[in-house]
Amino acid sequence: MESLQKILAEHPFTRGLDERHLALLTGCASNVRFEAGQRIFREGEEANQFYLVREGKMAIELFGVERGALTILTLGPGEVLGWSWLVPPYRWKFDAYALEPARAIALDGKCLREKAEKDHDLGYELLKRIAQVMEERLHATRLQLLNVYEVES
Amino acid sequence: MRESAQQYVLQSSDFQKLLDALIKRGYQILGPTIRDGAIVYEELISVDDLPVGWTDEQNGGIYRLKRRDDQAMFGYAVGPHSWKKFLHPPVVRLWQATQDENGLQIKEEPRQARKMALIAARSCELHAIAVQDRVFMGGNYTDPGYKSKREQIFTVAINCSDAGGTCFCVSMKTGPKASFGFDLALTEVLQGEVHYFVAEVGSELGGEVLRELPVVLAQEPAQTAAENVVEKTRQEMGRTMDTTNIKDLLYGSYEHPRWENVAARCLTCANCTMVCPTCFCTTVEDVTDLQGEHAERWQKWDSCFTMDFSYIHGGSVRATAKARYRQWMTHKLATWFDQFGSSGCVGCGRCITWCPVGIDITEEVAAIRETKKEENNGESTKNTR
Amino acid sequence: MASAPVHPMVPEPWRVRRVRKETQETFTLELEPAGGHGELRFLAGQFNMVYLFGVGEVPISVSGDANDPHKLVHTIRAVGPVTRAMRKVKRGDTLGVRGPFGTPWPVTAASGKDVLIVAGGIGLAPLRPVIYEVLSKRHQFGDVAVVYGTRTPADILFSSEIERWQKRPDMQVHITVDRAAATKDTIKSDGQERPPHATIWSGNVGVVTALIARAKIDFRNAIAMVCGPEVMMRFTVQELEKRGLALDQIYISMERNMKCAVGFCGHCQFGPTFICKDGPVFPYSRIETLFSIREL
């Protein structure tokens with residue numbers, strides 16, 4: 001448990017949290033590994049976890065009948081996968097795969113939600129950090145939408 | 001002041017002798033003449049081509065020739081032409097190319113050798129020529145076509161006797177008296193039947209030419225008369241522009257609402273850039289013959305008011321009239337200082353006169369300055385509270 | 001050296017030695033002198049005006065190796081009438097070239113420091129000479145990272161060369177695309193496994209700015225050289241600032257309409273600067289205020 005807390009203290013997403021909050025988070029955390037090609041979650045499934053990537057590469061994908069799987073975004077060490085655990089109805093909106101052998105800290109969403117309800121300081125701290133991830137993700141998506149390399153002629 | 005410079009008197013009836021002396025030296029005589037209801041710069045044959053007895057009435061969007069009640073030869077302000085049409089012509093072939101089995105051959109256009117004499121250049125125009133000198137000869141690269149023409153000119157300056165309705169050289173410190181860049185500078189003095197020029201020498205060659213003319217040393221009365229001519233002009237400027245910190249004023253006004261205001265009036269017709277004696281922008285055009293064996297590249301005056309001017313793949317950088325007017329005016333009065341070490345505006349007033357809707361650069365500067373003052377006052381009131 | 005003063009607007013003939021298709025819309029021309037004139041010495045980041053007989057002239061950055069001035073290399077994207085016509089040139093054809101013009105990348109100033117190269121799309125072409133130069137005297141620099149983004153995997157320039165760079169232990173290469181090619185692979189309805197991603201794009205998907213964080217360099221002691229579309233450069237600069245780079249450690253290459261390349265034609269003005277002679281490469285600190293003014 002102590003080593004998990006240490007890992008959490010060093011991951012960019014949880015870095016700088018105070019000891020008490022780190023300990024609370026550690027209570028909901030576990031180490032996970034994925035093989036290359038392994039599915040992490042699937043669209044429509046219940047979203048009960050999120051992942052702090054430590055090693056390897058993961059992909060968020062959207063599957064369309066006509067086009068097959070489309071990669072929306074790839075994630076690497078230091079990044080965060082998943083926030084559907086935070087927002088009702090708590091179901092994944094995309095598929096996620098490990099592209100390479102990957103390691104991550106999985107945080108139990110239900111566990112976190114309960115702790116955040118009881119401890120709003122923790123909840124607010126978490127939300128701020130997730131909001132930042134969301135903001136960066138949204139901004140990146142907008143840039144992708146802009147199609148900046150395309151030339152209109 | 002050039003108090004110590006020798007001055008001479010040349011009778012107006014002897015003016016042709018000046019032209020003759022220059023023609024004898026192989027100069028092409030270029031100067032003011034009347035065409036299509038305006039005083040323009042063309043090749044002159046004799047004094048008869050000069051706009052003797054004419055003047056011009058100028059204001060925002062207005063230019064009209066009027067009869068004078070005397071026989072002044074240079075009793076007008078500047079017209080739509082400037083000397084750049086000779087030194088930096090509107091259309092120039094840069095080179096010709098052929099392509100055949102031997103590959104691509106590119107031949108530079110031979111340079112014209114004819115020496116040009118500029119007759120009746122105004123002080124603001126000498127400043128404008130100096131401005132273009134810095135553009136075409138002042139940097140790492142030299143435009144050899146410009147240079148070869150420029151180095152062979154003979155300039156007869158005329159100190160202005162009549163301020164035009166849109167003139168503001170006094171504000172820009174570029175006139176009305178020529179202070180440099182001439183071979184000879186003349187002031188036309190007309191007192192009833194008395195009609196003469198007070199001449200000042202600006203170069204060795206100018207002195208040489210003057211010595212061939214029937215001149216006499218100017219005495220005190222003639223010198224004073226000449227000074228009075230210029231002084232009167234100085235007092236009668238049609239426009240003024242406050243140039244205090246003008247560079248910073250405009251650098252600080254890129255987002256000023258006034259640009260919207262002027263854009264609502266501006267037709268982006270490019271007239272101002274065509275008549276401006278310092279505007280130097282060009283584009284190039286490639287042409288080929290029908291067989292496709294011969295190609296030419298032509299350089300033509302261009303204007304920052306066109307959409308094509310700032311085109312990069314995908315569109316124009318300055319798509320709006322607002323951005324294009326801002327570019328032009330900010331260039332003239334601010335960025336020019338950083339590019340070439342001087343103002344790009346010489347206060348000749350042409351852009352005001354020839355703007356079809358009478359947009360007035362002096363008025364635009366004043367409007368921006370006015371709001372900046374208000375802003376500053378607002379700031380200081382806030383600060384004192 | 002030079003005989004009679006040559007008009008800076010007059011091109012010299014260069015013969016096409018090799019044409020290589022890079023992507024659907026980009027190609028690389030390798031040129032050799034075709035007149036009496038000699039080699040063309042250039043610095044990484046400079047550009048030439050390249051003329052196609054009877055069609056026109058365009059500014060193109062040199063994408064070759066400055067240590068090999070006998071071979072003039074230009075990588076061109078077919079986007080306008082001239083570049084589209086240039087796509088049809090063949091080995092043995094002759095083009096007109098004048099140059100080189102403009103300011104170079106700060107390779108010398110980067111000596112002793114870490115080097116971060118951030119490129120977007122065709123923006124890798126003007127930066128390739130930097131990579132050549134840095135690799136040719138690799139020991140003079142600290143850590144070296146290249147971060148490159150394109151629209152799709154098919155738009156990646158110099159892909160075989162990039163593979164070679166990726167294998168080098170002394171440089172990091174991070175590639176990302178805005179969108180990965182869709183696959184027709186289907187997932188078995190019951191299975192956890194799917195066909196290995198190796199058959200499709202296995203690289204990163206996401207914007208190039210997001211990849212900057214992966215570069216393992218000392219951001220406080222690095223020189224960043226950035227080239228790509230203006231929007232991409234704007235957000236790259238923001239990301240670099242966030243990582244601790246000072247504005248004078250960041251260099252960008254600007255693009256504007258150019259006709260003469262020597263400051264005579266006025267087209268490429270960007271505030272008080274002329275992109276052709278004061279740029280195209282600028283320390284960001286010098287143009288920061290101009291960069292935020294629209295339609296400048």
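Let me start with strand S11 of chain C, where both faces are covered: C:Ala222, C:Ala224 and C:Val226 are buried on one side, and C:Ile223, C:Met225 and C:Cys227 are buried on the other. Please keep in mind that this is a predicted model. In a regular strand the side chains alternate between the two faces of the sheet. Six of the six residues of S11(C), which spans residues 222-227, are buried, so the strand is largely enclosed by the rest of the structure.

Now to its neighbours. S11(C) pairs in the parallel sense with strand S7 of chain C, residues 114-120, over six bridges, and within that pairing C:Ile223 is the bridge partner of C:Val115. S11(C) also runs parallel to strand S12 of chain C, residues 250-253, to which three bridges join it, with C:Ala224 standing opposite C:Ile250. Between S11(C) and S12(C) the chain passes through helix H5, residues 230-242, in a β-α-β crossover that is right-handed.

Turning to chain B, we have 13 helices and 16 strands, and 45% of its 385 residues count as buried. Its radius of gyration is 23 Å, which agrees with the value near 21 Å that a compact globule of 385 residues would have. Of the contacts in chain B between residues at least 6 apart in sequence, 72% join residues at least 24 apart.

Finally, the contact between the two chains takes 40 residues from chain B and 33 residues from chain C. On the chain B side, the elements that each supply at least two residues include helix H3 (123-137), helix H11 (321-340) and strand S6 (91-100). The residues on that side divide into 21 nonpolar, 14 polar and five charged.

Key: Residues numbered from 1 in each chain as written. Chains lettered and ligands numbered in written order. Predicted model: local features only at pLDDT ≥ 70, side-chain atom pairs only at ≥ 80, totals over all residues. Helix = DSSP H or I, 4+ residues; strand = E, 2+ residues; numbered from the N terminus. Rg over C-alpha atoms; globule rule 2.2 N^0.38 Å. Buried ≥ 20, exposed ≤ 12 C-beta atoms within 10 Å, placed from the backbone. Contact = placed C-beta atoms within 7 Å. Nonpolar A, V, L, I, M, F, W, Y, C, P; charged D, E, K, R; others polar. Pairing = 2+ DSSP bridges. Right-handed = clockwise from strand over helix to strand, strands pointing away.
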